[in-house]
Amino acid sequence: MSRPARPFDQGLFRRVLAFTRPHRTLFLVTFGLTVLLSGIAVLRPLLMGDMIDKYALTGDAAGLLRMALIVLGLLVAETLLTFHQAFWTSWLGQAVSFQLRTRLFDHVLAFKLRFFDRTPIGTLVTRVISDIETIEDIFSQGLLSILGDLLKLVVVVVVMFAVNWKLALLSMAPVPLLLWGTRIFKDSIQRSFEDVRTHVARLNAFVQEHIQGMAIVQSFGREAQEMRKFQAINREHRAAHIRSVMAYSIFFPFVEVLAALSLAFLVWWGVKDALAGTASFGDIVAYILFINMLYRPIRQLADRFNVLQMGLVGSERVFRLLDTEEVIADNGTRAARGVRGHIQVRDLWFAYGDGRDGHEPDWVLKGIDLDIPAGTTVALVGATGSGKSSVINVLSRAYEHQRGQVLLDGVPVQDYRLADLRRCISVVLQDVFLFSGTVHDNITLHDPAITRAQVEDAAREVGADAFIRRLPRGYDTDVRERGGILSTGQRQLLAFIRAMVHRPAVLVLDEATSSVDSASEQLIQEATERITKGRTSIVIAHRLSTVQNADRIVVMDKGRIIEQGGHQELLALRGAYRRLYDLQFR
């Protein structure tokens, strides 16, 4: 059983049109050009008919030449108007898509990390790129083109009946069949296009995910299996395209046959009337041109209406993303100037799920109490999944906690402006992400306030200046996508410089040395001792050798703090920390 075609959504259409308000003048100009072209189009058949009757058949060569020049001038004017109409409608579509894409990306930038945890990257790419391109088509190939075709149809039909109603009826005899076929074609092609858009999103998500995880695919020899999955998705995508091609392959010849029938009826009856003196040969020539002008818009209307409809389908997906309320509340008004870095955590409860299904959330942190005086270094240790990184996620408001308080210099973190809060907290993660661009840009993140001298000073402080200068263009070397030309240790060092150059009040090292070699680790350890002086530092590590000099070590297990104290103090307790220590060093 075939799926019914989607009805036209007027509310969604009005919402799309609202984006033309900043370009209201351009929209009115393009609409005016569309109306003008619809009126000019019918003049050519009428002038051609007069050329035949008044000048060609009477042998008036001068008059024939004069009329030919008029028709030529009309063609030139129509060509120029068509060019401007096509150019400005496309410009309008690009302006709307630019505005909408900018607004959508800005909205996505503010989403909580929880949203990205459950949304495929490929789907988001499809929304920001491909779906907005279909909205651009609403203006460049849909709305104004449909209005132009409808106006042209009305004008042509009115003129045909005004000149000779009998020839008009004969010419339009097959039109009911055409309208019936057009409706079937429109519904069929709309369903096919919707399927194509759905499968494009699936393809984007699959390809994005597997290119990012190519190392895993190849390491475990999954190439053949993943290829079979891709072929299955690709076959569905191809089948949807073939269904649309099949609809076009049937509909366009069908229209040509009906146009030929109209022409046959016209010639058969028109010539008979012309010989009887009730019609002229000029009328026959004019109506031959009118038939082409009649059938072409009807044939294009179905196609253009589907462009409009698919633009609305794309806009529905875009607006659904725009309407998603997954942004982090930025209601704070306090600036983070002069923050010393005193962190207090009081009875903190946190879960990555929100518990909206009515069940108790799966708590990751359970009643955490922690006090980190400004300028001290605290290490968080424990088994994987004990909640160490979650403490950092809540501190920087990457995720919002459900219960308790997190204070920075005695002020709840929610009271700070979000950008200010994150500016005073620098995080170095285990999995370093580098953008395509230069070493300098990846360190500064395009912040013009950070100078090259500051970057080089931070690099020397880390001990990475020497290896950077050995790169082909030094600090101006393009690291390629995800820092592909650098080793894991080198990427980690750049991330460390990135954190240091922003001079944060709070420095967080989340397994920052776990992926580097011994020589790089030694460099980072030495730099850490320098940069942590006078700065609050939180170090998350599995390697206990990297945290022994911390002012305090906090041992976590299953979301709770079970021990805390100095290295020797915790060893003497012979508890969880001692067991971790013995596992690593014995």
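How do the residues of the lining of the second largest pocket divide into nonpolar, polar and charged? In this predicted model, the lining of that pocket comprises 10 nonpolar, 11 polar and 6 charged residues. The second largest pocket has a volume of about 640 Å³, and of the 27 residues that line it, those closest to its centre are Glu78, Thr82, Asp149, Lys152 and Arg296. Two or more lining residues come from each of helix H2 (24–41), helix H3 (43–56), helix H4 (61–109), helix H6 (121–163) and helix H11 (281–322).

Two of these helices, H2 and H4, also pack against each other, at an angle of about 150° and with their axes 9 Å apart. Because an angle over 145 degrees counts as roughly antiparallel, H2 and H4 are therefore described as roughly antiparallel to each other. The crossing in which H2 passes H4 is left-handed.

The lining of the largest cavity is formed by Ile343, Val345, Leu370, Ile372, Val391, Leu395 and Ile538, and its residues divide into 7 nonpolar, no polar and no charged. At least two residues of this lining are supplied by each of strand S1 (343–350), strand S2 (365–372) and helix H12 (388–395).

Notes: Residues numbered from 1 in each chain as written. Predicted model: local features only at pLDDT ≥ 70, side-chain atom pairs only at ≥ 80, totals over all residues. Heavy atoms only, no water. 1 Å grid on protein atoms, 1.4 Å probe; cavity = no way out; pocket = protein on both sides within 12 Å on 5 of 7 lines; lining within 4 Å. Points joined across faces, edges and corners; volume = space filled by probe spheres on them. Helix = DSSP H or I, 4+ residues; strand = E, 2+ residues; numbered from the N terminus. Nonpolar A, V, L, I, M, F, W, Y, C, P; charged D, E, K, R; others polar. Axes fitted to C-alpha atoms, helices over the stretch in contact; angles between N-to-C directions. Parallel < 35°, antiparallel > 145°, perpendicular 65-115°, else oblique. Left-handed = near helix turned anticlockwise from the far one by under 90°.
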